[in-house]
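Trainee: Please show me how to read a structure, one feature at a time.

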Amino acid sequence: MDIPVNETERQLYYIEKCREIVEGLEKEYGRKLTCGIFTFGCQMNFHDSEKIRASLERMGFVPTDTEDADFVLYNTCTVRENANERVYGRLGQIKALKKKRNDRMIIALCGCMMQEPHVIEKIRKSYGYVDIVFGTHNIYKMAELLYRRLTSGSQIIDIWKEAKDIVEDVPADRKFSFKAGVNIMYGCNNFCSYCIVPYVRGRERSREPEDIVKEVKQYVEDGAKEVMLLGQNVNSYGKNLERDVTFAGLLKMMEDIPGLERIRFMTSHPKDLSDELIKVMAESDRICKHIHLPLQSGSSRILKAMNRHYTKEQYLELVDKLKAAMPDISITTDIIVGFPGEDDDDLEETLDVVRKAGFDSAFTFQYSKRTGTPAAAMENQVSEEDMTRRFNRLLEVVQETATARTARFEGKTAGVLVEDINRQDKSMVTGRLENNTVVHFKGDASLIGKIVDVRLDECKGFYYIGSAVDS
Ligand code: SAH
Ligand code: SF4
Ligand code: F3S
């Protein structure tokens, strides 16, 4: 058979080729081959890992949670330095495991860290036992690269500087059949001055709405109740497409899909959040009343240096608009402390927004210098000591305000989409409210994937303990 030209078919061809080799190895080893996939970073990476796992399963690998496996892959993140350090730590440990298996183990690295030339240099130099390295733009080529490794035995490093056309996925099985992530766009054009994502994920590219609708319909047919539309800045969806389509327009198309009960999306950049989107959200009974709206800083001066294109006042105005249209809405956020030039007054501004906005929760980060970003070259980097002090102060205020806000549904009854058996107490299940808050209540595995009416008895800070009500 000739190697297909169409990329999706080509990868299916290589999956089949790998499957033949895996079958041979199974006979030789007298057992199934296993694969361990370890993911760092954001929802995008987790989504990519799901697709990779599905391809590996097609080849005959059995997924496992341990690194003592025949194929081990680290899908990396580089948004903050500590994400990188964790990967190097794991690589150090796995070397001994590979030796124990007489080198008959394939180690692969992919994801955002691999798009950084200094990382690749380091891997070439000091990590000769890594077998396959690929980046964010050619992730769909994993099967082909694995085939090359299996047939050649040499280290394969394949990194592309830029993305080519969007390649539609090889059909995959998803881990949660009731809940699916869907990429609606790739990359980012915003170049916030601290952030490395635009450099490692490339320019913004939106998928055609028909392709997205087709994928979501397939998920719903397979039993999905909820979809999460994924992009670094979903509010600018459609800007690079020839036809006139906005994110609000895409959401409306999602609403027309019968059987889809919950529609989520992330992340929203405040600068592009339109009135049209607020209206579509408010009028819908299927779009979840939750928005992740990263603030980053409450100081207009710092926001300008961050290249965020909004002020403190504009952010608060947006929050008011959202709450006026949807009084119960949950707003969650990301905040960075210690951006270059930040002082204690700037932190006060941030705390002021935290108090006024009433976030349901906030992810808080200490600024991490990323090579190649404008902020890395800025003078007046903040000292470790000031950063930690401000971080702790921010955490205190976030916890105080978020706990108070989350408790607003205490005593009410609401739908919970059950996700899993509770890890600590097996007589309970865990799920999420429409607004994404976690709820634990008495129940069993038969409820997984169902939306159950639950009385929210007690708020425990960031989550609820509830009890199912008979309907
Ligand atoms: N596209 C999303 C964010 C993706 S990165 C958005 O703009 O909203 C997730 C979060 O990591 C960011 O919101 C930011 O708070 C944090 N982050 C990004 N770069 C960082 C850095 N250099 N140091 C610390 N935190 C950072
Ligand atoms: Fe990074 Fe800003 Fe793009 Fe988010 S919008 S990924 S913070 S550059
Ligand atoms: Fe990390 Fe890449 Fe996501 S750098 S946050 S995994 S886009």
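Trainee: Which residues are around ligand 2?
Mentor: Some ground rules come before the list. This is a predicted model, where local features need pLDDT of at least 70, side-chain atom pairs count only at pLDDT 80 or more, and totals for chains, interfaces and linings use all residues. Residues are numbered from 1 along each chain as its sequence is written, chains are lettered from A and ligands numbered from 1 in the order in which they are written, and side-chain values use heavy atoms, with hydrogens and water left out. A residue is near a molecule or strand if one of its heavy atoms lies within 4 Å of it. Around ligand 2 these are C188, N190, F191, C192, Y194, C195, V197, P198, Q232, H269 and R308.

Trainee: How do the residues of the shell around ligand 2 divide by class?
Mentor: Ala, Val, Leu, Ile, Met, Phe, Trp, Tyr, Cys and Pro count as nonpolar, Asp, Glu, Lys and Arg as charged, and the others, Gly among them, as polar. The shell around ligand 2 has seven nonpolar residues, three polar and one charged.

Trainee: What surrounds ligand 3?
Mentor: Its shell consists of G41, C42, N45, C77, T78, V79, C112, R201 and Q232. Four of these residues are nonpolar, four polar and one charged. Q232 is listed around ligand 2 and also around ligand 3.

Trainee: Now the sheets. What is the strand order in the sheet that contains β13?
Mentor: Strands of a sheet pair through backbone hydrogen bonds, either parallel or antiparallel. Strands (E, at least two residues) and helices (H or I, at least four) are DSSP runs, numbered from the N terminus. Two strands pair if DSSP finds at least two bridges between them. Here the order is β12-β13-β14 in an open sheet with parallel pairing. The edges are β12 (290–292) and β14 (361–366), each with a single partner strand, so one side of each has no neighbour in the sheet. Neighbouring strands are turned by 10° against each other on average, direction ignored. Angles run from 0 to 180 degrees between N-to-C directions, and axes are lines fitted to C-alpha atoms, for helices over the stretch in contact.

Trainee: How many bridges join β13 and β14?
Mentor: Strand β13 (residues 330–337) pairs with β14 over six bridges, in the parallel sense. One bridge partner to look up is F363 in β14, which belongs to D334.

Trainee: Which helix packs on this sheet and touches β13 and β14, and which lies across β12 and β13?
Mentor: Contact means heavy atoms within 4.5 Å. Helix α11 lies across β12 and β13, at about 165° to β13. Helix α13 (residues 384–406) touches β13 and β14, and its direction makes about 175° with that of β14.

Trainee: What does the sheet with β10 look like?
Mentor: It is an open sheet of three strands in the order β7-β10-β11, paired in parallel. At its edges, β7 (179–183) and β11 each pair on one side only. The twist from one strand to the next averages 20°. β10 (residues 226–230) and β11 share five bridges in the parallel sense, and M228 stands opposite R264 in β11. Helix α7 (residues 209–221) lies across β7 and β10 at about 170° to β7.

Trainee: At what angle do α9 and α11 pack?
Mentor: Angles under 35 degrees count as roughly parallel, over 145 as roughly antiparallel, 65 to 115 as roughly perpendicular and the rest as oblique. Helix α9 (residues 275–283) and helix α11 (residues 312–325) pack at about 25°, with axes 10 Å apart. The two are therefore roughly parallel. The contact involves D275, I278 and A282 of α9, with K321, L322 and A325 of α11. By class that is four nonpolar, no polar and two charged residues.

Trainee: How near do the axes of α11 and α12 come?
Mentor: The axes of α11 and helix α12 (residues 344–357) come within 11 Å and cross at roughly 10°. That makes α11 roughly parallel to α12. Their contact residues divide into five nonpolar, no polar and five charged.

Trainee: Last, the backbone. Where is the cis peptide bond of T267?
Mentor: It joins M266 and T267, with omega about 5°. T267 is in the loop between β11 (262–266) and α9. Another backbone angle to look up is phi of D103, near 65°, a positive value in a residue other than glycine. D103 lies in the loop between α3 (81–100) and β4 (106–111).
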